[in-house]
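Have the sequence and the 3D view open as you read.

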Amino acid sequence: MSENLPPVNLLQRDARSVWHPYTQHQGAAPFLPVQSASGPWIYTEDGRPYLDMISSWWVNIHGHGSRFLADAIHAQCLALDHVQFAGITHEPAVQLAEKLIARAAMGDCRVFYSDNGSTAVEVALKIAHQYWVNRNEKRPLILALEGGYHGDTVGAMSLGRSSGFFNAFEDLFFEVHAIPVPETWHDHIPADAEEKILTRLEAWLKEKGASVSALIVEPLVQGAAGMRFHSHGFLEKLCSLVRSYGILVVFDEVMTGFYRLGTFFALQQTAILPDLLCLSKGITGGILPLGATLAQSWIFEGFLGETFQTALAHGHSFTGNPICCAAALASLTLLEDPEFPVRLNAIHRALERNVLSLKVSPRSTRHRCLGTVAAFDLASTSARYGDFSGRPLAHFARENGVLIRPIGNVVYVLPPYCVTSAQIDSAFDVIRAWLASPEDAFPAYTPPSC
Ligand SMILES: *Cc1c(COP(=O)(O)O)cnc(C)c1O
């Protein structure tokens, strides 16, 4: 009988109907029943405020509830909501392509639109592979950085297979050679390790280099690997080494783009102009899904031919959706605000000051900050995703109105650009309080899913 009664609240209805991402549902703590959001704040049904210190999974760069973005979307919905992008073009898609090409400053490029970060990567992967097929060269191998994350579709998972997230899918993967990452943090650049890795790679390339189509990297910061930083010197040497074998360089800036690392794109902090660039996440201000893959014009020209055989067989129902493009254009306008660099700089300084202040705690190590990403590791714990050592802190922070989501033992803060220095200070006050509490302060703790 009771089974037929309607469920009473949102959590109960959720528990009967929804499958959440990256969640072990068995034993999961109750989800946060969110009702609304404004600026850096997320509000639950009972009106409790939470500071969104990870920009809602790294996407929501301006904060929530922007009237400017909402108005742009509304106007575009009424003017032209959707139309397929094969055989048709429209102003929002063309204008956005022009602006992305100008901001990337990679030279003449073409923009291929898709729906999210994973598909932006799939497109880059297919372009890189077919570029060589069209030239009648066999280059089946791909190079990637160890622990790199490029998305959850099958090709993107293959690229990120060394991350260990995707062991269940091993049988589906193609061959990817993973290059170890010499990690840097505050005042620490492992020059010897960098040299060793490059020397070993050079030996490998002598044998296999002519069979590799592309190298894909998250430039300067590997996100899901645990906000792992590497030096621009290493990245530059790596890229020029692989290029000497004709290998294409793909930058996955899905996380690092749109000022996340302090410059418009991370590539601007390096001496490298990649051949392909993957964008998503913050591209629309983080309120609608959109992916974009930039390809150098000479790559695009490699797909021209007399038949469809050499064309790129890729496209999605929503490729070039005008509403998503209009949101992205409005977001770019917000980023052009003359006050914006001042705000960005203030966020960086507050993050850096706060994360370095944690050095006094022996429970924290590898403090690091670049642009608007601050991170540290919890000391003396084994790393990576299956490690839940960051979860008691996430739970404590949530109890204190701060949303963070550590990756294993890596704690990071990646706020929206509307955040104030005082809000950053208050989030770190919560982290400092937890680090200062006795290690056994939370003995009977069950890991939450957050
Ligand atoms: C999040 C992310 C992706 C995947 O993007 P989705 O939109 O989640 O598919 C790819 N690459 C990097 C570097 C990312 O951080």
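Which residues surround the ligand?

## Around the ligand

The ligand is surrounded by Trp58, Asn116, Gly117, Ser118, Tyr149, His150, Gly151, Glu218, Asp252, Val254, Met255 and Lys281, where a residue is near a molecule if one of its heavy atoms lies within 4 Å of it. Before going further, please keep in mind that this is a predicted model, in which local features need pLDDT of at least 70 and side-chain atom pairs count only at pLDDT 80 or more, while totals for chains, interfaces and linings use all residues. Residues are numbered from 1 along each chain as its sequence is written, and side-chain values use heavy atoms, with hydrogens and water left out.

The shell around the ligand divides into 4 nonpolar, 5 polar and 3 charged residues. Here Ala, Val, Leu, Ile, Met, Phe, Trp, Tyr, Cys and Pro count as nonpolar, Asp, Glu, Lys and Arg as charged, and the others, Gly among them, as polar. Ser118 has a side-chain N or O atom 2.5 Å from an oxygen atom of the ligand. For Lys281, a side-chain N or O atom is 2.7 Å from a ligand oxygen, and for Asp252 a side-chain N or O atom is 2.7 Å from a ligand nitrogen. Of the 380 Å² of accessible area that the ligand has on its own, the protein covers 84%; such areas come from the Shrake-Rupley method with a 1.4 Å probe, and for residues only the protein chains shown count as cover.

## Two nonpolar cores

The largest nonpolar core has 98 residues, of which Leu143, Met227, Leu238 and Phe258 touch the most other members. Such a core is a set of buried Ala, Val, Leu, Ile, Met, Phe, Trp, Tyr and Cys residues joined through side-chain atoms within 4.5 Å. Helix H13 (residues 421–436) gives the most to this core, with 7 residues. Helices (H or I, at least four residues) and strands (E, at least two) are DSSP runs, numbered from the N terminus.

Apart from this core lies another, of 25 residues, among them Val123, Ala124, Tyr131 and Val254. Val254 is also one of the residues that surround the ligand. In soluble globular proteins, nonpolar side chains tend to be buried together.

Most residues other than glycine have a negative phi. Trp58, from the ligand shell, has a positive phi of about 75° although it is not a glycine. Trp58 is found in helix H2 (residues 55–58) and counts as buried at 11% relative accessibility. Buried means under 20% relative accessible area, exposed over 50%, and partly exposed in between (1.4 Å probe, protein chains only).

Met227 also has a positive phi, of about 45°. Met227 lies in the loop between strand S8 (221–222) and strand S9 (228–229), and at 0% relative accessibility Met227 is buried.

## Helix H12 and what covers it

Which residues of helix H12 (residues 391–399) are buried? They are Pro392, Leu393, Ala394, Phe396, Ala397 and Arg398. Their cover includes strand S3 (49–52), strand S15 (402–403), strand S16 (410–413) and H13. After H12 comes Gly401, whose phi is positive, near 80°.

## A buried aspartate and a histidine pair

Is Asp377 buried or exposed? Asp377 is buried, because its relative accessible area is 7%, and its place is in strand S14 (residues 373–378). The side chain of Asp377 makes a polar contact of 2.9 Å with the side chain of Arg368. A polar contact is a pair of N or O atoms within 3.5 Å; within protein, one must be able to donate a hydrogen and the other to accept it, and residues adjacent in sequence count only if both atoms are side-chain atoms.

His314 is found in the loop between helix H9 (297–301) and helix H10 (322–335). The side chains of His314 and His316 are joined by a polar contact of 2.8 Å. Leaving out residues up to four places away in sequence, His314 touches Phe112, Val123 and Lys126; Val123 is among the members of the 25-residue core.

Key:
Contact = heavy atoms within 4.5 Å.
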